[in-house]
Amino acid sequence: MVMAPDERFAAIRAAVHSCFTIREVWFQDGRPVFAILPGPDDKAQFLRLRDQLAPLGFLPLLRHHDHETVLTLAPKPPAAPTRWLLPIGLFLGTLVTTFVAGYLNSTGGCVPGLVSPITGGFEFSLSLMAILVCHEMGHKIVSIRRRIDASLPYFIPMVPLPGFAIGTMGAVILTRMPAPNRDALIELGASGPIAGFLVAVPVLIYGVSHSLVISHAAILANGCHVTEIPTPQLLNLLVGWLLHPAANAEVLIHPMAFAGWVGLLVTALNLLPAGMLDGGHVTRAVFGPRLHTILSYAGVVAGIVFGYWVMSLLILVLIRRGHPGPLDDVSPVSPPHLVAAAVLVGIFVLSAVPLATFW
């Protein structure tokens with residue numbers, strides 16, 4: 001449907017008027033700007049306005065400006081068709097590379113009683129992919145429920161190298177429009193880490209309970225070549241609770257425990273309060289743009305302290321792009337969403353892997 005400019009402006013004004021009390025209207029760069037009077041139901045009314053403006057090809061933006069609440073318009077990006085071939089191909093490729101990683105990590109056979117390489121490959125791959133799939137589907141489900149145009153997950157395979165193979169660099173989902181409000185932005189950022197963490201916990205419990213406790217002398221006697229890895233707090237708690245290792249003993253972790261370890265690492269990386277990471281979304285929603293920028297640089301420092309050098313460099317690059325924020329950047333965050341943000345802090349504390357002690 002093609003509308004004349006006057007007709008389109010009249011339709012836009014009528015839509016805004018049906019949701020808000022308009023105090024003043026002016027034009028900036030050829031687009032109308034509406035100064036509105038704040039009301040108690042602005043969050044719900046904004047969502048209603050978004051639905052009314054969508055057929056006209058616009059997205060509303062609600063902001064504070066010069067001590068006023070103003071509503072501006074942005075072109076609504078066209079909905080992109082869902083691409084299936086590339087996401088499925090990357091998913092299958094990551095299944096292969098994680099299987100090979102689990103296979104390589106299970107070779108050697110110097111200590112009997114753990115798993116065969118093929119079994120280790122399957123257990124590591126399927127467990128890790130379950131964590132990653134649930135992480136990404138948490139984001140995807142929120143994007144569908146909140147009507148945020150987003151892609152399918154793109155899994156990132158990585159060539160597994162003998163000695164310390166992971167087989168993946170995680171996955172990403174591309175969002176093509178901002179979240180509607182701060183609550184939705186927290187949901188978008190928090191859903192993935194929470195979903196992945198909830199799957200990682202039972203994976204770790206099973207993996208730790210099937211790990212081997214062996215003395216350091218026995219490892220040397222069998223000629224084993226093992227790699228010591230730094231452990232997050234959750235893994236330390238589970239090892240102490242389920243295995244009760246002696247002070248002079250070593251724990252040879254089961255492939256599923258290592259999959260849980262990788263899952264916690266991915267969770268911790270995503271929860272750094274920076275840029276467009278999951279933690280960055282939550283930080284932007286709770287604290288606003290200025291503190292988000294400050295905390296993004298703090299996230300870079302935290303990444304360096306924990307040994308996440310590559311992620312820290314990536315964050316530095318992404319900080320320059322900024323964060324668009326939600327469409328409605330005025331309505332406050334609801335208390336349940338603040339609780340969800342606080343829960344993420346606890347998940348980060350339990351999941352953070354101090355790689356600086358490993359390299």
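Trainee: How many bridges join strand 2 to strand 4, and how do the two run?

Mentor: 3 bridges join strand 2 to strand 4 (residues 68–75), and the pair runs antiparallel. Bear in mind that this is a predicted model.

Trainee: What joins strand 1 to strand 2?

Mentor: 7 bridges link strand 1 (residues 21–28) to strand 2, again antiparallel. Val25 stands opposite Phe34 in strand 2. Gln28 stands opposite Arg31 in strand 2.

Trainee: Which residue takes a positive phi in the hairpin of strand 1 and strand 2?

Mentor: Asp29, with phi near 55°. The hairpin has 2 residues between its strands.

Trainee: In what order do the strands of the open sheet lie?

Mentor: The 4 strands follow the order 1-2-4-3, with antiparallel pairing. Strand 1 and strand 3 (58–65) each have a single partner strand, so one side of each lacks a neighbour in the sheet. Neighbouring strands are turned by 30° against each other on average, direction ignored.

Trainee: Which helices pack on this sheet?

Mentor: Helix 1 (residues 5–19) touches strand 1, strand 2, strand 3 and strand 4. Its direction makes about 145° with that of strand 1. Helix 2 (residues 42–53) touches strand 3 and strand 4. The direction of helix 2 makes about 145° with that of strand 3.

Trainee: Why is strand 2 said to be largely enclosed?

Mentor: Start with the general rule. In a regular strand, side chains alternate between the two faces of the sheet. Now count burial, meaning under 20% relative accessible area. In strand 2 (residues 31–37), 5 of the 7 residues are buried, so the rest of the structure largely encloses the strand.

Trainee: On to a helix. Which residues of helix 7 are buried?

Mentor: Leu234, Leu235, Leu238 and Val239, in a helix that covers residues 233–242. Next, look at their arc around the axis. The four span only 130°, which means that they sit on the same side of helix 7.

Trainee: What does the face turned away from the buried side carry?

Mentor: The exposed residues Leu237 and Trp241. Exposed means over 50% relative accessible area.

Trainee: What covers the buried residues of helix 7?

Mentor: The cover includes helix 5 (182–209), strand 8 (249–252), helix 8 (255–270) and helix 11 (335–351).

Trainee: Which residue with a positive phi follows helix 7?

Mentor: His244, with phi near 50°.

Conventions
Residues are numbered from 1 along each chain as its sequence is written. This is a predicted model: local features need pLDDT of at least 70, side-chain atom pairs count only at pLDDT 80 or more; totals for chains, interfaces and linings use all residues. Side-chain values use heavy atoms; hydrogens and water are left out. Buried means under 20% relative accessible area, exposed over 50%, partly exposed in between (1.4 Å probe, protein chains only). Two strands pair if DSSP finds at least two bridges between them. The arc is that of the directions from the helix axis to the C-beta atoms. Contact means heavy atoms within 4.5 Å. Axes are lines fitted to C-alpha atoms, for helices over the stretch in contact, and angles run from 0 to 180 degrees between N-to-C directions.
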